[in-house]
Amino acid sequence: MDELRRLVQQQTALLARLAETLPGPNAATEAALLALLAETLPELPALPEPPERNRPAEVPAPATAETGAVPAAAPVVPDAPAVPAPLAALSDEEPARPGDDVTTVRESVLAHVARVSAFPVAHLHDDRSLIDDLGFDSLMLTDLFTSLKRQWPRWTRDETATDRPTIAGIIAMIASDCGDAVPAPVPEQRTGADEAPAPPPPTDVVPAPPAAPPADLPAATDPVAAPLPEEHTRIECFPEVTAHTERFATLSELGLSNPYFLVHEGALTDTTVIDGRELLSFSSYNYLGMATHPQVNEAAHEAIERCGTSVSASRLLSGSRPLHLELESELADLLGCEAAITLANGHATNVTVIGHLVGPGDLIVHDALAHDSILQGCRLSGATRRPFPHNDANALDALLTQVRDQYRRVLVVVEGVYSMDGDIADLPALVDVKRRHGALLMIDEAHSIGTIGRTGRGIGEYYGIDRSAVDLWSGTLSKALASCGGYVAGSRPVVEYLRYTVPGFVYSAGMTPADTAASLTALRMLRAEPQRVARLSENASLFVHLAREAGINTGDSHDTPVVPCIVGDSLKTLRLAEALFRQGISVNPILHPAVPEELARLRFFLTYDHTPGQIRRAVAALTRELLLLDTAPVS
């Protein structure tokens, strides 16, 4: 009986607390609810009255046609609960206040820089360069300037003055332009560790409908809105779209053809056909020549005959086929991992896996030259993103020493072979740093699987690393493995978790039968014919040796089939690509902003199918055309 009495008293107290949050419930309704509870226990003494301070003000019954409108008593508004500091910092913007000074601007700018860079404010100094000292990349700069513009709408960014900005320079510009407006508090760096979840709203209380306005009031009329600018309402008028159109118009004005979206009329091996003309090709990553191998083609054809052109479903439901399981098992074995899953798209593999495993309160630290799929995964995750200088494990170690304790999870993401520079990640040093700081390590092997290591097993074989030292191994099937799709491998519990939860796998159709069969056959050929990897390595070494002998800047490329020819000027790079095209050589230009302007380059992909004669011809033509460009008069 005592237990039941306590239950009713708790229900009474609950009703009183709910009443505080509602705009004055009807007193008769409250009495009816209490009476209903009392009916269940008639032998109990009368329930205590709710405390006077908790009693809501009475609201009269709504007006009827007979009684007319009755003035309502003002409801009692309970005191607003205190807002925890981290949440208060995220509240709506405060109105601008006059009388700002440089000190206030400085504090706010430092807070913005700290949020984007992941460095604590205490580690920042006014003379620090955002790019050279704090490691900002173009995406981080865009994030910073966008947030500053949001806080100081009157600030007009001078792009020439902010090319290599310092903290002091930004403070001075904002203070001079907008010294009389104070921004709202800047969102703090958040760990997610001390945030209590918000209590769920009551689901059993139905709010009263809003009272109808008096009949004798005139109808409200909306003011005539000014027309919105077309750049807000038409996609083709977006500034970025018009700027894109203008850039390509400039090509025509300079007398240059567009080097992109050229139509290759057949398979890409060591040669290609464009507009009916055969060219020597260094523009495909068919590294081992298996994307055009008859055995691979036949396997894809047989898979279509047996399973059709599509699996027509998510793998989770009815899209799995025996071919998928065979490919995943053999991929895991090739990588030295317990398990693997395959996805229909290589780029999307990194995006969905990174975006799924980390989030707000976490930190992703990636190599400064990381692929776009890694950057997009960072954006999707909501985690703080921070690049570290290319292939510099010491810089990564110093960064994590400063900031590791501010975050829950830290994910380090690098590539096995870098697709623009052709150099190899310093995996042993990265593993040491990862262990020292309790971080997670993910390796994207898009350009390293099938190309490095004695038998093509990638960067793990190249360094002789225990594969369990890396948490996640991802990659694409579209390069050495002759197909299209992506994979991620690791420990069995992790892969099983991803199989049931990662959105890009669960909510996407499985790999097509043809793609799956092609990759499976290419993987088996890789294991059966390791001489393909050896010949690829010989071809790449020959190209690099000849190019460097001729004085061509090939950067840090070594032991890989990706070889840049760094020109250092986008326009000159375009002219060089066009000159080589006229000489019968297809190679792709990589321009700013894909790389910094001073690193604009041609990128050569070497393959198993290239012959030493083709390589010598290409390097000779490259040397000759570079010399002509260097000695040509400036137009």
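View 1. Phe282 is buried, at 0% relative accessibility (buried means under 20% relative accessible area, exposed over 50% and partly exposed in between, with a 1.4 Å probe and protein chains only). The model is predicted: local features need pLDDT of at least 70, side-chain atom pairs count only at pLDDT 80 or more, and totals for chains, interfaces and linings use all residues. Residues are numbered from 1 along each chain as its sequence is written, and side-chain values use heavy atoms, with hydrogens and water left out.

Rings of Phe, Tyr and Trp (its six-membered ring) pair if their centres lie within 6.5 Å; planes under 30 degrees apart count as stacked, over 60 as edge-to-face and the rest as tilted. Seven aromatic pairs are counted by this rule. One of them is the tilted pair of Phe282 and Phe543, with 6.0 Å centre to centre and 55 degrees between the planes. Phe282 lies in the loop between strand E2 (277–281) and helix H9 (294–307), and Phe543 in helix H19 (residues 531–549), so the pair ties together parts that are 261 residues apart in sequence. Helices (H or I, at least four residues) and strands (E, at least two) are DSSP runs, numbered from the N terminus. Phe543 is likewise buried, with a relative accessible area of 1%. Ring pairs link Phe282, Phe543 and Phe604 into a cluster.

View 2. Tyr285 lies in the loop between E2 and H9 and Phe605 in strand E13 (residues 601–605), so parts 320 residues apart in sequence are tied together by the pair. Tyr285 is partly exposed, with a relative accessible area of 33%, whereas Phe605 is buried at 2%.

**View 3. Arginine charges over aromatic rings.** A charge sits over a ring if NZ of Lys or CZ of Arg is within 6 Å of the ring centre and within 35 degrees of the ring normal. The charged end of Arg277 sits over the ring of Phe581, 5.4 Å from its centre. That of Arg535 sits over the ring of Tyr608, 4.7 Å from the ring centre.

**View 4. Packing of H9 with H18.** The axes of H9 and helix H18 (residues 513–528) come within 8 Å and cross at roughly 145 degrees (axes are lines fitted to C-alpha atoms, for helices over the stretch in contact, and angles run from 0 to 180 degrees between N-to-C directions). Contact (heavy atoms within 4.5 Å) involves residues including Ala299, Ala303 and Ile304 of H9 and Ala514, Ala518 and Met525 of H18.
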